[in-house]
Amino acid sequence: MFRRNACFASILKERRLINKRLLDVHRKNKITMFDNDFIALLPEMFLINATILLLIYGVVYSTVHKVFEPLVRNVAWLGFSSILITLILLRGSPLTTANLCYNNLIIDNFTYFFKVGLLLSTACIILMSLQYFQQEALTAFESIVLMLMSTCSMLLMISAYDLIAMYLAIELQSLSFYVIAASKRNSEFSTEAGLKYFILGAFSSGILLFGCSMIYGFTGVTNLEELAKIFTAPYVLRPLSDSVMLNSADASWSGVFMGILFIAVGFLFKITAVPFHMWAPDVYEGSPTYVTAFFSIAPKIAIFANMLRVFIYSFYDPTWQQLFVFCSIASMVLGAFAALSQNKVKRLLAYSSIGHVGYLLIGFSCGTIEGIQSLLIGLFIYVLMTINIFAIVLALRKNRFKYISDLGALAKTNPILAITISITMFSYAGIPPLAGFCSKFYLFFAALGCGAYLLAFIGILTSVISCFYYIRFVKIMYFDTPKTWILYKPMDREKSILLGITLLGITFFFLNPSPLFLVTHQMALSLCI
């Protein structure tokens, strides 16, 4: 009896030791996991903390000194420096591929290059808006903070690996955008733009969330990796052994289909694709010019990253392909024809943006690695051209530049700026050998490669039509005589540097496209494999 009790006590002791060791290992794993998450998310955490500190600094400074001009200049340069430090932290991160925060976020080559592109775009927009911030000192300080906050949310959106994490990041971005759109409080147009964007944006966010909830209700998971496993094995949702099970599975498949449809509608609204574009022209025209530039570039980078992750990696199916083919065709056609009758520069650029979203959706609709690569090349070149044209619009803003006709005889008063605008417009139109031609060339060839001949044909047709309103800029600058001559003042150094760099990229891209080819191919492989 004594020996049995001693044996039982020794077994209990050994079990306690094993449990203690297992607990220690678990704690170490948790600490290691936390360390990895902290290291991988250090750029985002730094930018969030820098944004909060800038907000506190702005509030304290404006309360004590009651002077806004030095404050706005300081906050703008500090925000620009924060973006650059975030880029350095992102570049120096030792982790290149990892799943973070219990598989809610992911980092890989795909997310890395998208984040670099987003941060560089935001830095360029802040840089070219410095003069505007100083002129509109009363409202610009909060706008810079909101731009940085929305950039933080877009960084998290690019890394999102779960439907809930994706939705939360999109909502944080949208809330910042609603306020920025209405940031010019003394303008009725800006207030109207903010209100329209808020109402329609809230509607699209509700549709997106409803789609996510339907996916969760019918599959039981929200993680994109788990959803990819379900969609690569359709029998999980549609077992064939029992008729009752079959009916139930068909109902589940219909529910999943509706959920994905709602998610697609939410995404298409965010990138201003037809038929969900109705808010874009009014919001782009009514918002301050730097906000229009931000809306044209940053959200499209983040949303396209999300769309590729969700629809190519998780939900890929020929059914969704048909939806995006329709939206691509509709966006190209409406963007080309609606811009023909526009006289205001910002409205024309809004319809031009809608048309370019249609071209980018060509690559998305292909569903192949070549299609994804052509989309990424087209997105990079679109961002380059948009930064260039909005830097010009902001530079001419001092002279009340609102209508296309205000550019009359610019070739005589400022020939260098007229040449810059001409090259950019030729690139938008897709005239060789400029960068815009290269992007459309790769997109159309990707469509031909996957058998989407209708997409390529309509893309070429709408490109020819769009040449009319792009080349109209050149005609007005070189051949029209204005009723009143406007002498445009020289632009500031920051815009001059940006224009020089972007014009160099647009003009001489065809000489050495290999680096961009390698980066985009690496991103496409990282997404698909």
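1. Thr272 is buried, at a relative accessible area of 1% (buried means under 20% relative accessible area, exposed over 50%, partly exposed in between, with a 1.4 Å probe and protein chains only). Its phi is near 60 degrees, a positive value in a residue other than glycine. Thr272 belongs to the loop between α10 and α11 (helices are DSSP runs of H or I with at least four residues, strands are runs of E with at least two, both numbered from the N terminus).

2. The model is predicted: local features need pLDDT of at least 70 and side-chain atom pairs count only at pLDDT 80 or more, while totals for chains, interfaces and linings use all residues. Residues are numbered from 1 along each chain as its sequence is written, and side-chain values use heavy atoms, with hydrogens and water left out.

3. The loop between α10 (243-270) and α11 (280-286) also holds Pro275, which is joined to Val274 by a cis peptide bond with omega of about 10 degrees. A cis bond also runs from Pro432 to Pro433, with omega near 5 degrees; Pro433 is in the loop between α17 (415-429) and α18 (435-449). A positive phi, near 70 degrees, is found at Asn103, in the loop between β1 (98-100) and β2 (105-107). For context, most residues other than glycine have a negative phi, and most peptide bonds are trans.

4. Asp162 is buried yet has no salt bridge, and the nearest side chain of opposite charge, Arg309, is 12 Å away (a salt bridge is a side-chain nitrogen of Lys or Arg within 4 Å of a carboxyl oxygen of Asp or Glu; Lys and Arg count as positive, Asp and Glu as negative, with His and the chain ends not counted). The side chain of Asp162 makes a polar contact of 2.9 Å with that of Thr222, and reaches the backbone nitrogen of Asn223 at 3.3 Å (a polar contact is a pair of N or O atoms within 3.5 Å; within protein, one must be able to donate a hydrogen and the other to accept it, and residues adjacent in sequence count only if both atoms are side-chain atoms).

5. Ile404 counts as buried because its relative accessibility is 2%. Ile404 lies in the loop between α15 (369-396) and α16 (410-413). Ile404 and Arg472 are 68 residues apart in sequence, with a C-alpha to C-alpha distance of 8.7 Å.
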